[in-house]
Amino acid sequence: MVYDLYWRAFDEFRKFPPVKTLDDNRRFCDNVKKNLLEHSQVIPQLGMGVSECADLVSPDEIDRFMNQMLISRISRRTLGEQHLVLSNQFDDDLRVHLGLRPEESFAQLGAAPRGFATQRIGIVRADCSVAQIIHECAQRAASIYEDAYHLPPGTAPQVIVEGHVDATFMCIPAHFSYIIHELLRNSMSHVIRRFESRLDSTSAAGGGGGGDQTNWMDGPVFPPIRVTICSSHNDIVVRVSDESGGISPDVLPYIWSFTHPLKAKRLHNFHAIHRMEARIDEVDSVSPLVSFGFGLPMSRVYAKYWGGNVNVHSLPGYGVDAYVQLPRLGNVVENISARRSPQTSSSSSPSSSS
């Protein structure tokens, strides 16, 4: 099915006539939208395929294939999404330039007026605030786990952001948000699991958690998750530190693999979903307690695509330090020619569930 999706997309684009007018471009955009929607099935299909051939093909070979496939997929979707957003921004700015109301059409306009230009740059943000994205991801992750574990609002592990909190850099926010969200979700879920016994004791002491939260507990149930931002001339580095207890030595060497036996059962969860685009705004459609085994490897693929990396150091019995490193100036060529899977080492990504 994945092969058929890509073949049909190639055939459609091959046959599409040259784009010469604004109207031609709108029809082309409709075709791009259709293909992006159809290809949202690719990750679930790949997950099911990996689960079915895990016993037939070596894990190293599958990991090499998956990393190449996902990097090239990110490249294609980035091109498609960038063209769509640039086209929409161009149309919006042109409408303002011509003084047209939203309901008025300029479909008869074959080309933009002489001298018209737009300064927007599509899905890329030149001044993306690192701290703002961390706060947004933390709020989303906290809301997800408070619902999943039936916690009172505001009782999920607190995320403390420190360091160079005013740092900005050029990036595609959706990609950076996915990485940060995955790391915070892993930290938050493992911290909650490690200290969930405190929930029983504080709930019993406070009458079951109902009513005034100050009666439910006298202080935070969970230790905080600390996120440190470091901005140098060339790079942005984000460290996510938690007290989740660390990663089991039996699991740590394999958390970047798509096919390790510990993940085999998780891959079968892809049978329950039909679409996945590796974006944080689709997490709500899947229970956070359901793991697919793709989150951490996919985070590293995103980082490596932009010339960065994601690594993890486990502190046995204490917690995990996860590091995200990305080029600060956005001037690194996309890494679309990956031929090897990321090297497995003791430096990996936070908690093994993702």
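The lining of the largest cavity splits into 2 nonpolar, 2 polar and 5 charged residues (Ala, Val, Leu, Ile, Met, Phe, Trp, Tyr, Cys and Pro count as nonpolar, Asp, Glu, Lys and Arg as charged, and the others, Gly among them, as polar). This is a predicted model, where local features need pLDDT of at least 70 and side-chain atom pairs count only at pLDDT 80 or more, while totals for chains, interfaces and linings use all residues. Residues are numbered from 1 along each chain as its sequence is written, and side-chain values use heavy atoms, with hydrogens and water left out.

Back to the cavity: the structure holds 1 of 30 Å³ or more, and the largest cavity comes out at about 90 Å³. A cavity here is a set of points on a 1 Å grid over the protein atoms alone where a 1.4 Å probe fits but cannot get out, and lining residues have an atom within 4 Å of a point. Grid points are joined across faces, edges and corners, with volume taken as the space filled by probe spheres set on them. Lining the largest cavity are Arg73, Ile74, Arg77, Thr78, Glu81, His175, Glu277, Arg279 and Tyr302. Helix α4 supplies the largest share of that lining, 5 residues; helices are DSSP runs (H or I, at least four residues) numbered from the N terminus.

On to helix packing. Helix α4 (residues 59–98) packs against helix α2 (residues 22–38) at about 140°, with the axes 10 Å apart. Axes are lines fitted to C-alpha atoms over the stretch in contact, and angles run from 0 to 180 degrees between N-to-C directions. That angle makes α2 oblique to α4 (under 35 degrees counts as roughly parallel, over 145 as roughly antiparallel, 65 to 115 as roughly perpendicular and the rest as oblique). On the α2 side, the residues meeting α4 include Phe28, Cys29 and Val32; their α4 counterparts include Arg77, Glu81 and Leu84 (contact means heavy atoms within 4.5 Å). By class, this contact has 8 nonpolar, 4 polar and 5 charged residues.

Helix α2 also packs with helix α1 (residues 2–15), this time at about 175° and with axes 11 Å apart. So α1 is roughly antiparallel to α2.

Among the contact residues are Ile133, Cys137 and Tyr145 of α5, along with Phe176, Leu184 and Met188 of α6. This contact divides into 15 nonpolar, 3 polar and 2 charged residues.

Definitions and conventions. Helices (H or I, at least four residues) and strands (E, at least two) are DSSP runs, numbered from the N terminus. On a 1 Å grid over the protein atoms alone, a cavity is a set of points where a 1.4 Å probe fits but cannot get out, and a pocket is an open set with protein on both sides within 12 Å along at least five of seven lines; lining residues have an atom within 4 Å of a point.
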